[in-house]
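Q: I'm new to this one, could you walk me through it?
A: Gladly, here it is.

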Amino acid sequence: MPRSLFDLYAETYPFTLPALGYAPAAVEPAVDAATMSLHHDKHHAAYVTNLNAALKDHPDLHRISLGELLMGLRRWPAAVQTAIRNQGGGHANHALFWQLLAPGAPSASAPSGQLADWIVRDFGSVDACKAALKAAGVGQFGSGWAWLVKTATNHLVVKGLPNQDSPLLEGELPVLGLDVWEHAYYLKYQNRRADYLDALLGRINWDTAGAQLRR
Ligand SMILES: [Fe+2]
């Protein structure tokens with residue numbers, strides 16, 4: 001069983017790579033098996049390894065949860081802030097990302113409940129929200145993520161963030177994240193990032209996204 005997302009943000013040093021929770025081919029054709037395996041087994045694993053290495057000699061941080069490390073970044077020693085931001089962000093972002101993808105046959109999954117209500121309130125429609133996410137992903141220069149976040153005032157906003165910056169750094173809750181690093185799509189899509197985003201947006205596990213609002 002994959003760990004719950006609550007458990008993920010509550011995780012403390014030493015951090016571990018969560019299981020993908022499904023076969024590498026389970027989200028094909030949107031995400032090919034080779035990309036899924038490399039992405040999880042190599043890229044995500046490296047963020048975990050590097051985060052642990054950075055915190056190894058900071059025992060005072062070993063009782064601090066991943067969520068707290070990211071939300072309170074400026075409180076930690078300057079020597080580890082960059083590692084927490086990049087490697088800790090990479091760990092948190094990817095652990096959420098695997099659960100945001102729907103394995104099995106492509107389905108007509110759609111937002112429901114509070115998430116659906118808030119999307120309509122803040123974007124007008126689910127399609128408009130998806131279009132905003134796609135635009136943020138296409139428009140993100142270089143590496144980064146397109147995010148749907150819950151703000152401190154309980155609104156949903158789409159934004160692009162560079163590299164592995166987590167919305168948690170600014171006190172905003174990640175609801176849905178689309179990885180637009182080239183490592184997420186280049187084997188299959190090469191330069192066609194927009195096509196990758198279209199495919200990905202058709203394979204979202206909206207139950208996972210909706211569950212984020214209940215944190
Ligand atoms: Fe990634």
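Predicted model: local features only at pLDDT ≥ 70, side-chain atom pairs only at ≥ 80, totals over all residues.

Q: Okay, which domains does the assignment give?
A: The domain assignment of the protein gives domain 1, covering 5-100, and domain 2, covering 113-212.

Q: And how many Å separate their centres?
A: Taken over C-alpha atoms, the centres of domain 1 and domain 2 are separated by 18 Å.

Q: How many residues are in contact on each side?
A: On the domain 1 side there are 29 residues in contact with 30 residues of domain 2.

Q: What area do they bury between them?
A: Domain 1 and domain 2 bury about 2500 Å² between them, and 60% of that area lies on carbon and sulfur atoms.

Q: Switching to charges, how many salt bridges cross that interface?
A: The rule finds 2 salt bridges across the interface of domain 1 and domain 2. Elsewhere in the list of side-chain pairs, Asp 165 and Arg 85 meet in a salt bridge, with 2.9 Å from N to O.

Q: Which helices supply the domain 1 side?
A: At least two residues each come from helix 1 (5-10), helix 2 (33-55), helix 3 (66-71) and helix 4 (78-100), on the side of domain 1 that touches domain 2. Helix 4 gives the most to that side, with 10 residues.

Q: And what kinds of residues are they?
A: The residues on the side of domain 1 that touches domain 2 divide into 16 nonpolar, 9 polar and 4 charged.

Technical notes: Residues numbered from 1 in each chain as written. Heavy atoms only, no water. Domains from an automatic or database assignment. Contact = heavy atoms within 4.5 Å. Buried area = accessible area lost by both parts, 1.4 Å probe. Salt bridge = Lys/Arg side-chain N within 4 Å of Asp/Glu carboxyl O. Helix = DSSP H or I, 4+ residues; strand = E, 2+ residues; numbered from the N terminus. Nonpolar A, V, L, I, M, F, W, Y, C, P; charged D, E, K, R; others polar.
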